[in-house]
Structure formats: structure tokens, C-alpha cells
Amino acid sequence: MTYIVRPGSTLALTAAELLDRHDADPMAGACARCGRPAPCPTAAYARQVLAVTPTPVDVLATTGA
Ligand SMILES: [Zn+2]
């Protein structure tokens, strides 16, 4: 997998914070933060950013450390 977002960058941290605030259970119906149907666009976009951000586990796997 190709990662294009640097872990710990402002983009990665902001995406994680947004997802934490907008992560609603789809069964709940609506996001408690913005009121849009869950998963709301903010959560969906944040997930896309985090999908291309390596986790510490990924970094260990690629460096062999
Ligand atoms: Zn939301």
C-alpha cells in the first residue's frame, strides 16, 4: 500500500480529531456533531486521509525495526 500522508503531520492529526468528533454509529441515524446522516461527509473524508496514513505498526513492518 502506498502511504501519502506523513504520520503526526497536521493533516493526519486533524483528520484523526475530526473522525473522533464525527464518528457516529450508522445505526444511530445521524452524526451527533453535525446532524448529517451517519457516516457524515466529514467522517468519510477523515477516514480517507487516515487510510493513506501509516500507523506505527505499518512503519515497523516496512523498516523491519
Ligand atoms: Zn458529522
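**Exercise 1. In this predicted model, work out which residues Cys31 touches once its neighbours within four places in sequence are set aside.**

Step 1: Skip the neighbours within four places, and Cys31 is left in contact with His22, Ala24, Arg36, Ala38, Cys40 and Ala43.
Step 2: Now look at the largest nonpolar core, which has 7 residues. Cys31 is one of them, together with Ala15, Ala24, Ala38, Cys40, Ala43 and Ala46.

**Exercise 2. Describe how helix 1 and helix 2 cross.**

Step 1: Start with what you need: two packed helices are described by the angle between their axes and the distance between the axes.
Step 2: Helix 1 covers residues 10-22 and helix 2 covers residues 41-51; their axes come within 8 Å and cross at roughly 140 degrees.
Step 3: Angles over 145 degrees count as roughly antiparallel and 65 to 115 as roughly perpendicular, so helix 1 and helix 2 are oblique to each other.
Step 4: As for the hand, the crossing of this pair is left-handed.

**Exercise 3. List the residues through which helix 1 meets helix 2, and sort them by class.**

Step 1: Helix 1 brings Leu11, Ala12, Ala15, Ala16, Leu18, Leu19 and His22; across from them, helix 2 brings Thr42, Ala43, Ala46, Arg47, Val49 and Leu50.
Step 2: Sorted by class, that contact has 10 nonpolar, 2 polar and 1 charged residues.

**Exercise 4. Decide whether Asp20 is buried or exposed.**

Step 1: Find Asp20 in helix 1.
Step 2: Count 11 other C-beta atoms within 10 Å of Asp20. The cut-off for exposed is 12 or fewer, so Asp20 is exposed.
Step 3: For a distance check, take Pro7, 13 residues from Asp20 along the chain: their C-alpha atoms are separated by 17 Å.

Key:
Residues are numbered from 1 along each chain as its sequence is written. This is a predicted model: local features need pLDDT of at least 70, side-chain atom pairs count only at pLDDT 80 or more; totals for chains, interfaces and linings use all residues. Axes are lines fitted to C-alpha atoms, for helices over the stretch in contact, and angles run from 0 to 180 degrees between N-to-C directions. Helices (H or I, at least four residues) and strands (E, at least two) are DSSP runs, numbered from the N terminus. Angles under 35 degrees count as roughly parallel, over 145 as roughly antiparallel, 65 to 115 as roughly perpendicular and the rest as oblique. A crossing is left-handed if the near helix is turned anticlockwise from the far one by less than a right angle, and right-handed if clockwise. Two residues are in contact if their C-beta atoms, placed from the backbone, lie within 7 Å. Ala, Val, Leu, Ile, Met, Phe, Trp, Tyr, Cys and Pro count as nonpolar, Asp, Glu, Lys and Arg as charged, and the others, Gly among them, as polar. A residue is buried if 20 or more other C-beta atoms lie within 10 Å of its own, exposed if 12 or fewer, and partly exposed in between; C-beta atoms are placed from the backbone. A nonpolar core is a set of buried Ala, Val, Leu, Ile, Met, Phe, Trp, Tyr and Cys residues joined through C-beta atoms within 7 Å.
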